[in-house]
Amino acid sequence: MASTIDVPKISADAHVDEPHDLWYQRLNADLRDFAPRRIQANAEGGWSLVINNNPIGWSELSAEESAAKEAARVAAAAPDVRMDMMRTDHINGEIVFPTIGLYAWDIANPSAGQAVCQVYNDWIREQIGGHDRIKLAMMIPTWDADMAIAEIERVAGDPSVGGLLLPLVGKPEWNSREWEPLWGVIASTGKPVVMHQGSGHDMIFYRGWGSGTANLLATQSMAPRAAALLSCSGILERHPNLHAVFVECNGGWISWAMQTLDYYYQAHDEIGWTKPKLKELPSHYIRHQIHSTFQDDPVAITNLADTGADCLLWGNDYPHPESTYPESLQVLDRLFEGVDVDSTRAIVGGNAHRLFGFDDSVLKDIP
């Protein structure tokens, strides 16, 4: 394609910066000791959740400076700010994920974890719910299956909800029998599972020289692991309407995962090691029911002949530092040079439109 300026674009990966006192203010008094405050980088190249460490949330700033920052965070979680971003970045819509909330599954106390998810879900719907160009990812508490199902039943009927946010790593792992009722409930809603990188596990795999970059690679490797569990366990086969979107995990791994899983599935099948037996190879389920978002991943585009276009979604990751905003158009023009129009339209907007339930009118023009 010569340019993507006229191609409808939906960011499948956008974020909001929650106020640092959101959970402390809204949680019941007996749970405030578990209130998330912020996420904090550490010397090993990872991030961790700070729990009720400081009533202000910015220990290095004065009270006045902290108040100003908090006001700015609240103001940014407003529809007019989101619309301004869309106009600047030439996009038609977005689905919004938490930032601090992505680390909530690190909370050990189940009651606190459930309440933290509920607080975020109510707050984000109050802030930017009800707008046709904005879809929301609801945080689903997965301290047990019944708790997760209860929250899905509470929020999934809201038309603002585009996806049901589970941690990328389940505890126990997602192929455990414990979760089987959950997959059926999710499939019945028509909403996809969304799993964001870095959620549900410790971000620190390595320490020492080079660990910061190596940890990010290790974090993204959780996506093919999760795809393998969902496809090889038969979960996707048993629930053909279930779709899983891995967020901010890039897409270059999909082709490799398809080939690798098919090879070992067939090799082990010949000697009777393959359980369960699937009607199709694992790659079939990944191609049709697994999806992954990227910001700037030329390898994913190169592998389109193997994967097809339906498994890829583009996102600008606004407002995070690694976002392609406000230069997303230039990034997309570079990535999709020479790519056919149908594949381009699907990846930069059509797949998100279909999976997250945007109205057709959203594709007609930017705000």
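**View 1. Packing of helices H10 and H11 in the predicted model.** H10 and H11 pack at an angle of about 155°, and their axes lie 8 Å apart. Since angles over 145 degrees count as roughly antiparallel, H10 is therefore roughly antiparallel to H11. On the H10 side the contact is made by Ile254, Met258, Leu261, Asp262 and Tyr265, which meet Pro282, Ser283, Ile286 and Arg287 of H11. By class, the residues of this contact between H10 and H11 divide into six nonpolar, one polar and two charged. The model shown here, as in every view, is a predicted one.

**View 2. The buried face of helix H11.** Within H11, which spans residues 282-289, the buried residues are Pro282, Ser283, Tyr285, Ile286 and Gln289. Seen down the axis of H11, these buried residues fall within an arc of 165°, so they line one face of the helix. In an α-helix there are 3.6 residues a turn, so residues three or four places apart point the same way. The elements against which the buried residues of H11 pack are helix H8 (222-232), helix H9 (235-238), strand E8 (244-247), helix H10 (253-269) and strand E9 (290-294).

**View 3. Helix H8 and its contact with helix H7.** Eight of the eleven residues of H8 are buried, so this helix is largely enclosed by the rest of the structure. The buried residues of H8 are Met222, Ala223, Pro224, Ala226, Ala227, Ala228, Leu230 and Ser231. The axes of H8 and of helix H7 (residues 211-220) come within 4 Å and cross at roughly 15°, and the two helices are therefore roughly parallel to each other. Their contact is made by Ala218, Thr219 and Gln220 of H7 together with Met222, Ala223 and Pro224 of H8, a set that divides into four nonpolar, two polar and no charged residues. Just after H8, Gly234 takes a positive phi of about 90°.

View 4. Leaving aside its neighbours within four places in sequence, Leu242 is in contact with Trp183, Ile186, Ala187, Val193, Ile235, Leu236 and Gln289. Gln289 also belongs to the buried residues of H11. Although Leu242 and Ala187 are 55 residues apart along the chain, their C-alpha atoms are separated by 4.7 Å.

**View 5. Packing of helices H5 and H6.** Helix H5 (residues 145-155) and helix H6 (residues 180-189) pack at an angle of about 10°, with a distance of 9 Å between their axes, and H5 is therefore roughly parallel to H6.

**View 6. The annotated region, residues 75-358.** The UniProt record, an unreviewed entry, places the feature "domain: Amidohydrolase-related" at residues 75-358. Over residues 75-358 the chain of the model is 48% helix and 12% strand, and the C-alpha atoms at the ends of this stretch are 25 Å apart.

Terms used
Residues are numbered from 1 along each chain as its sequence is written. This is a predicted model: local features need pLDDT of at least 70, side-chain atom pairs count only at pLDDT 80 or more; totals for chains, interfaces and linings use all residues. Side-chain values use heavy atoms; hydrogens and water are left out. Axes are lines fitted to C-alpha atoms, for helices over the stretch in contact, and angles run from 0 to 180 degrees between N-to-C directions. Angles under 35 degrees count as roughly parallel, over 145 as roughly antiparallel, 65 to 115 as roughly perpendicular and the rest as oblique. Buried means under 20% relative accessible area, exposed over 50%, partly exposed in between (1.4 Å probe, protein chains only). The arc is that of the directions from the helix axis to the C-beta atoms. Contact means heavy atoms within 4.5 Å. UniProt positions are given in the numbering used here, feature names are shortened, and annotations may be inferred rather than shown by experiment. Ala, Val, Leu, Ile, Met, Phe, Trp, Tyr, Cys and Pro count as nonpolar, Asp, Glu, Lys and Arg as charged, and the others, Gly among them, as polar.
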